[in-house]
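Please examine the sequence and the three-dimensional model shown below.

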Amino acid sequence: MTIFIFADKVPNVLPSTSSWELVTNSRIFESPLTKAVQTAARKGSHWRISLSFENLFGEDRAKMQAFMVMLEGQRHRFSIKDHAFARRGTGSQTGLVTASSTGGTLNCTRTVSTSLTVKSGDYLSANNQMFMCTEDVTSTSTTIAIKVSPEVRVSSAGEDVELINPVGVFMMTGSTGWDTQPGIYSTFNIEAIEDVLA
């Protein structure tokens, strides 16, 4: 299995429409006697994306075709960002690495002590997992604890944390293909889920 970088393989191509969804791994249980409802949350929440690239032609069309074929359906993975994301936080992430992290908190250490702000709604990624910050946080020290969702799957101390161009690692949910119209314009649709084992 290889992880391809979408932005490298298909540069300067943006989706016409995109849909991002956090699929939670929770279940509802209802008592048959009292009708009381309980919920159970388990690990395994992940991102699901649906992207459409309409009316591509020429070089862009050829590169997208090659990218789709290169994935070989579900054999390979690809990293991609939410093209609508604009970071609202401030400060440099230089030297930012994960420390011991569990649950919904990503603990980070930095080699610099300049001010760093991560705003709720900002994406970030670490160790091939994509997160969204759920609470504003500012730190002027060399440590910062960021509340995130989904929960941290793998806490590998020493891994870089990406704040500027965060990406997730995804796999296609089915086979690859495209539609072509007269004039040699093609439309591509990508349906993918985050690879929780990447």
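**A guided reading of the model**

Lys35 is exposed, because its relative accessible area is 52%; a residue counts as buried under 20% relative accessible area, as exposed over 50%, and as partly exposed in between, with a 1.4 Å probe and protein chains only. Lys35 lies in the loop between strand 3 and strand 4. Although Lys35 is not a glycine, it has a positive phi of about 65°. This is a predicted model, in which local features need pLDDT of at least 70 and side-chain atom pairs count only at pLDDT 80 or more, while totals for chains, interfaces and linings use all residues. Residues are numbered from 1 along each chain as its sequence is written, and side-chain values use heavy atoms, with hydrogens and water left out.

Consider next the chain as a whole. It has two helices and 17 strands; helices (H or I, at least four residues) and strands (E, at least two) are DSSP runs numbered from the N terminus. Its C-alpha atoms fill a box of roughly 60 × 55 × 30 Å along the principal axes. Of the 198 residues in the protein chain, 36% are buried. The chain exposes about 10,600 Å², and carbon and sulfur atoms supply 51% of this area; accessible areas come from the Shrake-Rupley method with a 1.4 Å probe, and for residues only the protein chains shown count as cover. Among contacts in the protein chain with a separation of 6 or more, 70% are between residues 24 or more positions apart; a contact means heavy atoms within 4.5 Å.

The strands are joined into sheets. Strands of a sheet pair through backbone hydrogen bonds, either parallel or antiparallel. Here two strands are said to pair if DSSP finds at least two bridges between them. Strand 5 (residues 46–56) pairs with strand 2 (residues 17–23) in the antiparallel sense, over seven bridges. Within this pair, Ser19 stands opposite Ser50 of strand 5. Strand 5 also runs antiparallel to strand 17 (residues 185–194), and seven bridges join the two. There, Leu56 faces Ser186 of strand 17 as its opposite residue. Strand 5 also contains Asn55, a residue other than glycine with a positive phi near 55°. Asn55 counts as partly exposed because its relative accessibility is 46%.

Not counting residues up to four places away in sequence, Phe53 touches residues including Phe6, Leu14, Met64, Phe188 and Ile190.

Another part of the model is an open sheet of six strands, with antiparallel pairing in the order 7-8-13-11-10-14. Strand 7 (97–98) and strand 14 (161–162) stand at the edges with a single partner strand each, so one side of each is left without a neighbour in the sheet. Inside this order, strand 10 (residues 123–126) and strand 11 (residues 129–133) form an antiparallel pair over four bridges. Tyr123 has Met132 of strand 11 as its bridge partner.

The loops deserve attention as well. Pro150 lies in the loop between strand 13 (143–149) and strand 14, and the peptide bond from Ser149 to Pro150 is cis, with omega near 0°. Pro150 is also one of the residues touched by Ser45, when residues up to four places away in sequence are not counted. Ser45 is found in the loop between strand 4 (37–41) and strand 5. Is Ser45 buried or exposed? Ser45 counts as buried, because its relative accessibility is 16%.
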